[in-house]
Amino acid sequence: MVEFLDILFEKLEDHWVKIVTAAIFMFVGWLFGKRRAAKNWEKREFFDRLNVSLNIIRDGNLKIRTLNETRCELLFPNSQAAQAVIEAAKKTTLEDPILPLPEKDYWYYLNAVLNEISEQFATGALRSDLGLPVSCDQFVICLTSEADGNIRMRKVRAMVIRKSLLENLPKECPKLARKQHSTRWGTLQKLAAAYKTTPERFMVVELCQ
């Protein structure tokens, strides 16, 4: 036991500078992380979170339903892809809420979102393949981050909406469950216009239930 302690103290003596330096860096990193988290909370900005929301207009009412929410780093293929999404979300504007990602990369990001929600519709896909009763429709997925000051929190948001609805939005604003949902109505209008001119920023998928 004495010999073990002697060896341990000898190692600590030889490497104490490295150990202290590492501890200082860890403390500084923790301090900056805590400060950044506090600032994000104060500004209600959570760009590292991705919310997948289904947008419905039925009987003249706009309904928003969350299908999934997770951290970007858990959803996208690697940390570099996740960081690219986060940085793109910070650049969206009130006029253009769609993430400004490279056109050649859009499919990969949207496909990652599809993979995340596919499990929820796996039973419907199997029933459809077996010829069993099931309801299927085409939906459009788009990556956004609403920059309107009217919203409570800024996040990366994957909008999911029936293709037929996006192509034929009502001219009049539907009834809103909350005042803040006026931002979502504005976003859907912008998505409908963008879908006609830049369809490469969207993914069309069939979902069955």
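**Close-up views of a predicted model**

**View 1. The whole protein chain.** In the protein chain, 67% of the contacts with a separation of 6 or more are between residues 24 or more positions apart, a contact being heavy atoms within 4.5 Å. This is a predicted model, in which local features need pLDDT of at least 70 and side-chain atom pairs count only at pLDDT 80 or more, while totals for chains, interfaces and linings use all residues. Residues are numbered from 1 along each chain as its sequence is written, and side-chain values use heavy atoms, leaving out hydrogens and water. The chain holds 7 helices and 6 strands, taken as DSSP runs (helices H or I, at least four residues; strands E, at least two) and numbered from the N terminus. Of its 209 residues, 38% are buried, meaning under 20% relative accessible area with a 1.4 Å probe, protein chains only.

**View 2. Ser145 and its surroundings.** Look for Ser145 in the loop between β3 (136–144) and β4 (154–162). Ser145 counts as buried because its relative accessibility is 0%. Leaving aside residues up to four places away in sequence, Ser145 touches Phe47, Ala89, Thr92, Pro97, Leu99, Arg154 and Lys155. With Lys155, a polar atom of the Ser145 side chain lies 2.9 Å from the backbone oxygen.

**View 3. Thr198 and Glu103.** Here you will find Thr198 in the loop between α7 (181–197) and β6 (203–208). Thr198 is buried, since its relative accessible area is 19%. Glu103 is 95 residues from Thr198 along the chain, and their C-alpha atoms are separated by 9.5 Å.

Definitions and conventions:
Buried means under 20% relative accessible area, exposed over 50%, partly exposed in between (1.4 Å probe, protein chains only). A polar contact is a pair of N or O atoms within 3.5 Å; within protein, one must be able to donate a hydrogen and the other to accept it, and residues adjacent in sequence count only if both atoms are side-chain atoms.
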